[in-house]
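This briefing is meant for a reader who is new to the structure shown below. Please look through the sequence and the model before turning to the notes that follow.

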Amino acid sequence: MKLNGLSAGSIIHPGQKLALSAGTTAPASAPAASKPAASTPPASTGSASKTHTVAKGDTLWAIANTHGVSVSTLLTLNGLKSSSIIYPGQKLSVKMAAAPASSSAAPAPSAPAPKPAAPGGASHTVAAGETVWAIAQKHGTSVAALLSANGLGDASIIYPGQKLTIPSATGLDAEQTANAQLIIKVGRDRGVPERGIAIALATAMVESGIRNLDYGDRDSQGLFQQRPSQGWGTVAQITDPYRSTATFYGGPQDPNGATTRGLLDIAGWQSMAFTDAAQAVQISAFPDRYGQWETTAFGWLAALG
């Protein structure tokens, strides 16, 4: 790495020439020599070991799925991280040797199964130079929805020729869609302006994924993760989607009266920044998250409202 001016995060590519010692250059056919030692697993021994040679277009998830192991197991076997880059020709261990060396480190927990692709979604073949953001914009969806529909994470790499499932126009599943429609309906019934409804939708996505959760931080529950201990209602009331939405909006028809403060109770909320208006209701430890969903929330409102 030092001879070639590389770091642990550097990306190497087929055909790249790497120096193996001062004044020499490696032949193009030896890309494996450039792999950092920390990322190269020790050679497996014993008849029970099994390897996979990475082919063009392979992903960690696809390799793990092919060999019936979890992604976390595949990473552990090969000394990789979720952000590691794999390349054609690289050999990966996909099965532990019959008698592996003991280790004091606890095994990594199995990675959760990727979220299934959104039903009925179109597909997109990645072209050279495309980014996840550009693809999401082209198809009118959010980056988060595109990643989720394809079982990808923020650190995932896409490559030319890869086929991506494009989620539905809203990127929401049936449960989320029903809850989003209810949030919109309650807002309409109470005469809440479009921007206020979008704030409610974004807040519900940040707090619960627009799901009526029966758990949360401390005693938080429901669509908006409201807390009985803070006067938002009983557990039954907080997990009533219609009532919890009404209390988020607040105003003259607030079921909680003056006990809690909803969006309409905040002076000047319409002139506040999107995220600040949501934070004024939620008082979250992560106040900047709501604004990240502003554009998407208005898209949901246009599609469902």
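Axes are lines fitted to C-alpha atoms, for helices over the stretch in contact, and the angles between N-to-C directions run from 0 to 180 degrees. The model is predicted, so local features need pLDDT of at least 70 and side-chain atom pairs count only at pLDDT 80 or more, while totals for chains, interfaces and linings use all residues. Residues are numbered from 1 along each chain as its sequence is written, and side-chain values use heavy atoms, with hydrogens and water left out. Helices (H or I, at least four residues) and strands (E, at least two) are DSSP runs numbered from the N terminus.

**Helices H6 and H9**

- The axes of helix H6 (residues 194-208) and helix H9 (residues 274-282) come within 10 Å and cross at roughly 65 degrees.
- That makes H6 roughly perpendicular to H9, a class that covers 65 to 115 degrees, whereas angles under 35 count as roughly parallel, over 145 as roughly antiparallel and the rest as oblique.
- Contact means heavy atoms within 4.5 Å, and in H6 the residues Arg-195, Ala-198, Ile-199, Ala-202, Thr-203 and Glu-207 meet Phe-274, Ala-277, Ala-278 and Gln-282 of H9.
- The residues of this contact of H6 with H9 divide into six nonpolar, two polar and two charged; Ala, Val, Leu, Ile, Met, Phe, Trp, Tyr, Cys and Pro count as nonpolar, Asp, Glu, Lys and Arg as charged, and the others, Gly among them, as polar.

**Nonpolar cores**

- A nonpolar core is a set of buried Ala, Val, Leu, Ile, Met, Phe, Trp, Tyr and Cys residues joined through side-chain atoms within 4.5 Å, where buried means under 20% relative accessible area, exposed over 50% and partly exposed in between, with a 1.4 Å probe and protein chains only.
- Of the 36 residues in the largest nonpolar core, those that touch the most other members include Ile-183, Ile-199, Leu-201 and Trp-300.
- Helix H5 (174-189), H6, helix H8 (241-249), H9 and H10 are the elements that give two or more residues to this core, and H6 gives the most, with nine residues.
- A second, separate core of ten residues includes Val-54, Leu-60, Leu-74 and Ile-86.

**Positive phi in two loops**

- Gln-225, found in the loop between H6 and helix H7 (235-238), has a positive phi of about 50 degrees although it is not a glycine, and Gln-225 counts as buried at 13% relative accessibility.
- Ile-283, in the loop between H9 and helix H10 (294-304), has a positive phi near 50 degrees, and Ile-283 is exposed, with a relative accessible area of 61%.
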